[in-house]
Amino acid sequence: MIDVDQVRAAAERVGFELVGVAPVEPVGGGWFAPHAERLKAWIAAGHHAGMDWLAERAAERVAPSLVLPGVRSAIALWMPHRCPAPDRPPGARGRVAAYAWGRDYHNVVRKALRKLRRALHGLDPEAGVYATVDTGPVLERAFAERASLGWIGKSTMLIHPRFGTFGSLAVIFVDRALPHAPEAHPFRCGTCTACLDRCPTGALSAAGLDARKCISYWTIEHRGLIPRAMRPLIGEWVFGCDVCQDVCPWNRDARRADPAVWRPQAERAWPDLVAWISTPSEALRLSLEGSPLKRALGEGLRRNALIVLANGGHRAALPAIEAVLDDPDPVLRATAAWAALRLGSETAGARAAADPDPMVRDEARAEGVAHGSAAG
Ligand code: B12
Ligand code: SF4
Ligand code: SF4
């Protein structure tokens with residue numbers, strides 16, 4: 001027999017600040033149906049961009065019993081992760097989303113989930129349990145809202161009145177009917193539209209988020225070249241984007257997370273862009289073990305850093321950018337060509353125009369047209 005008060009106490013002991021229970025409709029009906037419909041419509045409209053992994057496991061996302069047969073309840077959990085921001089060091093720096101300033105939340109939360117799983121089995125050794133943070137085929141925000149942890153705002157972020165949005169969610173499915181929150185958390189965005197108005201790319205609308213326009217998608221999830229039109233909009237975001245959270249009034253006085261747990265570092269919050277582009281991709285990835293930054297891979301981070309250097313007008317970085325024109329990766333050479341030409345390089349156009357890869361030659365051509373200069 002699982003006593004929810006004992007679960008709550010165990011969850012708090014391992015570091016979760018919020019705990020709630022949602023009832024699970026095994027075939028995705030009842031309160032869950034609008035969420036399932038929303039996900040299907042979102043994918044049908046192509047709003048998942050290149051995240052094929054999301055579409056591929058959509059059937060499980062809309063039918064929790066495919067994830068855990070006989071599932072009856074979802075325990076939704078929240079761990080805040082935003083620590084006070086480290087000071088920005090001098091030099092050409094990029095901005096990193098707050099969740100990646102320190103330890104990888106997947107590791108921190110997974111460790112806590114393992115302990116909680118053991119506690120659940122201590123209460124009911126026969127219970128079927130499935131625990132996930134982020135990567136499982138589970139609509140975490142939908143369960144968190146129904147468990148009354150907060151509401152899904154117009155930014156699509158889950159918002160808690162005291163903790164705001166800066167937290168990691170996790171969900172545990174259990175094949176036992178547990179006492180659950182009487183209803184979903186009420187929607188409290190009211191007439192505010194700050195996130196919709198201030199999103200730098202217009203990615204948010206009444207239909208939710210269009211990942212094809214989201215900086216977080218392009219800088220973290222996308223492999224390959226970032227479309228030219230998107231590059232200037234990325235501004236100084238070298239990994240992720242927090243604008244829709246930074247402008248949310250519910251974050252103004254939100255409780256901060258414990259730096260002793262997350263160990264934020266200035267070099268992770270504000271990476272040295274020249275150091276990044278000058279490090280071989282695999283070496284960069286290996287140096288980021290234990291950090292969420294490694295999700296973008298070394299080549300993704302270097303690509304983003306090139307864009308941010310150009311956006312910031314960092315002309316002093318030109319020699320380092322031009323050196324990337326010799327990189328074995330054509331995506332990096334193409335992005336370096338774009339960045340160097342934006343910064344007024346006199347040699348990058350001719351070098352890019354002579355590149356064996358058409359992707360790199362295209363950049364030279366497009367910049368030559370855009371600036372009316374000879375691109376080689
Ligand atoms: C794919 C993904 C992304 C994609 C797509 C984001 C998106 N909005 O779908 C990209 C790469 C863009 C992304 C970005 C970010 N992500 Co993300 N992401 C996910 C992931 C893996 C799946 C989300 C998903 O299923 N999307 C499909 C859409 C349709 O589902 P949904 O957004 O959850 O929407 C549901 C409800 O929100 C509701 N709904 C949708 N829109 C609206 C709008 C209104 C007004 C209402 C009422 C309801 C509603 O219907 C949907 C079906 O239930 C989840 C983890 C997980 N397994 O759930 C993390 C997750 C959502 N991400 C998270 C974070 C932290 C981020 C970033 C802040 C990272 C950053 N700083 O760069 C940004 C925020 C961007 C944003 N405004 O959402 C956290 C969110 C925590 C929280 N407080 O909400 C999660 C839960 C990871 C975690 N375990 O902590 N992410
Ligand atoms: S993460 Fe940035 S780009 Fe994406 S929806 Fe939020 S503000 Fe817009
Ligand atoms: S910024 Fe305003 S509209 Fe957007 S999620 Fe926050 S409260 Fe809601």
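# Reading strands, helices and ligand shells

Guide: Let's start with a strand. β4, residues 129–132, has V129 and A131 on its covered face, while Y130 and T132 sit on the uncovered one. Keep in mind as we go that this is a predicted model.

Visitor: Which strand does β4 pair with, and in what sense?

Guide: Look for bridges to find a partner. Here β4 and β7 run antiparallel and are joined by four bridges. To pick out one pair by eye, find Y130: its bridge partner in β7 is F173.

Visitor: How covered is β1, and which strand pairs with it?

Guide: Five of the six residues of β1 (18–23) are buried, so call it mostly covered. Its antiparallel pairing is with β2, residues 73–80, over six bridges. G20 faces A76 of β2.

Visitor: Which residues of α2 are buried, and which are exposed?

Guide: The buried set includes A36, L39 and W42. They cover an arc of only 125 degrees around the axis, which puts them on the same side of α2. Turn to the other side and you'll find P34, E37, A41 and A44 exposed.

Visitor: What do the buried residues of α2 pack against?

Guide: Two elements: α4, residues 58–62, and β9, residues 208–209.

Visitor: What should I check just after α2?

Guide: Phi again. G46 takes a positive value of about 80 degrees just after the helix. Further along, in the loop between α2 and α3 (52–56), there is A49. A49 is not a glycine, yet its phi is positive, at about 50 degrees. With 16 C-beta neighbours inside 10 Å, A49 counts as partly exposed.

Visitor: How does α15 do on the span test, and how many of its residues are buried?

Guide: The 15 residues of α15 (297–311) should span 21 Å at 1.5 Å a residue, and the end C-alpha atoms are 21 Å apart, which agrees. As for burial, 13 of the 15 residues are buried, so α15 is largely enclosed by the rest of the structure. G313 follows the helix, with a positive phi near 65 degrees.

Visitor: Now the ligands. Which residues come nearest to ligand 1?

Guide: Start with the closest residues, then see which elements supply the shell. H35, A97, G208, S216 and G240 come nearest, out of 37 residues around ligand 1. The elements giving two or more residues to that shell are α2, α7 (140–146), β7 (167–174), β9 and α9 (215–221).

Visitor: How do the residues around ligand 1 divide by class?

Guide: Into 21 nonpolar, nine polar and seven charged.

Visitor: What surrounds ligand 2?

Guide: Its shell includes C199, C214, C241 and C244, along with T201 and S216. α9 and α10 (243–246) are the elements that give two or more residues to it. By class you get 10 nonpolar, two polar and no charged residues.

Visitor: Where is T201, and what is it in contact with?

Guide: T201 is in the loop between α8 (194–198) and β8 (204–205). Setting aside neighbours within four places in sequence, T201 is in contact with K213, C214, I215 and L233. M230 is 29 residues away along the chain, but its C-alpha is separated from that of T201 by 8.0 Å.

Note on methods: Residues are numbered from 1 along each chain as its sequence is written. Chains are lettered from A and ligands numbered from 1 in the order in which they are written. This is a predicted model: local features need pLDDT of at least 70, side-chain atom pairs count only at pLDDT 80 or more; totals for chains, interfaces and linings use all residues. A residue is buried if 20 or more other C-beta atoms lie within 10 Å of its own, exposed if 12 or fewer, and partly exposed in between; C-beta atoms are placed from the backbone. The arc is that of the directions from the helix axis to the C-beta atoms. Two residues are in contact if their C-beta atoms, placed from the backbone, lie within 7 Å. A residue is near a molecule or strand if its C-beta atom, placed from the backbone, lies within 6 Å of it. Ala, Val, Leu, Ile, Met, Phe, Trp, Tyr, Cys and Pro count as nonpolar, Asp, Glu, Lys and Arg as charged, and the others, Gly among them, as polar. Two strands pair if DSSP finds at least two bridges between them. The expected span of a helix is 1.5 Å times one less than its number of residues.
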